[in-house]
Amino acid sequence: MMKGVSFFVTLAILALASSLASAYDPKFVNGKFCKDPAMVSANDFFFSGLNIPGNTRNKVGSNVTLVNVDKLAGLNTLGISLARLDFAPYGLNPPHTHPRGTELLVVIEGTLLVGFVTSNPNKLFTKVLNKGDVFVFPIGLIHFQFNIGETAALAFAGLSSQNPGVITIANAVFGSVPPINPDVLIKAFQLEKNVVKYLQKAFAPN
């Protein structure tokens, strides 16, 4: 009798572990209900506009046009998305992460300095990319792209999630709502209080 109970308990634990693993797999992070097949049309699989340059007249000099499941319903459950990245001369896509997707970037025009940092011990992998070069940024790792040229740059990126998400590090740390207690940031970054206050003001949402 006890052997039978142990077997079913073990089976239940394995089933739970399997369901938890699926819950953390980016392919299962959908957040969208499937459309009634009778209501689906070709437009659900179509997006137009990636030929149009994004507006890079901002503080960092870059723009990301993301085509995810919110903009292209046909991506639902497929685990992929696409982005166009425009850079002004010396424009930067600041250090950020995609918590639910790996990014594969290809440079179309210009020269980009790119890189990502691993988890502890925080090793930097970096490369200068030219037209036609490809670089991969593994899921969840902090990465960046910086236009080191004197002309505009263009890149496209594929992501392994229909909704990869993005966390821009400086904005998250210094621009959260409500703000993180300055004492936490002073100790974490070994900064003076006035510097922390300045950064929180600079990154505060408009």
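Rings of Phe, Tyr and Trp (its six-membered ring) count as a pair if their centres lie within 6.5 Å. Keep that cut-off at hand for the first exercise, and remember throughout that this is a predicted model.

**Exercise 1. Aromatic pairs**

Task: Find how many aromatic pairs the whole structure holds, then classify the pair of Phe 116 and Phe 125.

Solution: 
- Step 1. Searching the whole structure gives five aromatic pairs.
- Step 2. For Phe 116 and Phe 125, the ring centres are 5.3 Å apart and the planes make an angle of 20°.
- Step 3. Planes under 30 degrees apart count as stacked, so the Phe 116 and Phe 125 pair is stacked.
- Step 4. Phe 125, at 35%, counts as partly exposed.
- Step 5. Ring pairs also join Phe 116 and Phe 125 with Phe 135 and Phe 137 in a cluster.

**Exercise 2. A pair between two helices**

Task: Classify the pair of Phe 174 and Phe 189, and say which helices hold the two residues.

Solution: 
- Step 1. The centres of the Phe 174 and Phe 189 rings are 5.4 Å apart, with 40° between the planes, and the pair is tilted.
- Step 2. Phe 174 belongs to helix H2 (residues 169–174) and Phe 189 to helix H3 (residues 182–189).
- Step 3. Phe 174 counts as buried at 10% relative accessibility, whereas Phe 189 is partly exposed at 42%.

**Exercise 3. A glycine in a loop**

Task: Is Gly 79 buried or exposed, and which residues does Gly 79 touch?

Solution: 
- Step 1. Gly 79 sits in the loop between strand S1 (62–67) and strand S2 (81–87).
- Step 2. Its relative accessibility is 7%, so Gly 79 counts as buried.
- Step 3. Leaving aside residues up to four places away in sequence, Gly 79 touches Leu 159, Ser 160, Ser 161 and Gln 162.
- Step 4. Arg 100 is 21 residues from Gly 79 along the chain, and their C-alpha atoms are 9.7 Å apart.

Note on methods: Residues are numbered from 1 along each chain as its sequence is written. This is a predicted model: local features need pLDDT of at least 70, side-chain atom pairs count only at pLDDT 80 or more; totals for chains, interfaces and linings use all residues. Side-chain values use heavy atoms; hydrogens and water are left out. Helices (H or I, at least four residues) and strands (E, at least two) are DSSP runs, numbered from the N terminus. Buried means under 20% relative accessible area, exposed over 50%, partly exposed in between (1.4 Å probe, protein chains only). Contact means heavy atoms within 4.5 Å. Rings of Phe, Tyr and Trp (its six-membered ring) pair if their centres lie within 6.5 Å; planes under 30 degrees apart count as stacked, over 60 as edge-to-face and the rest as tilted.
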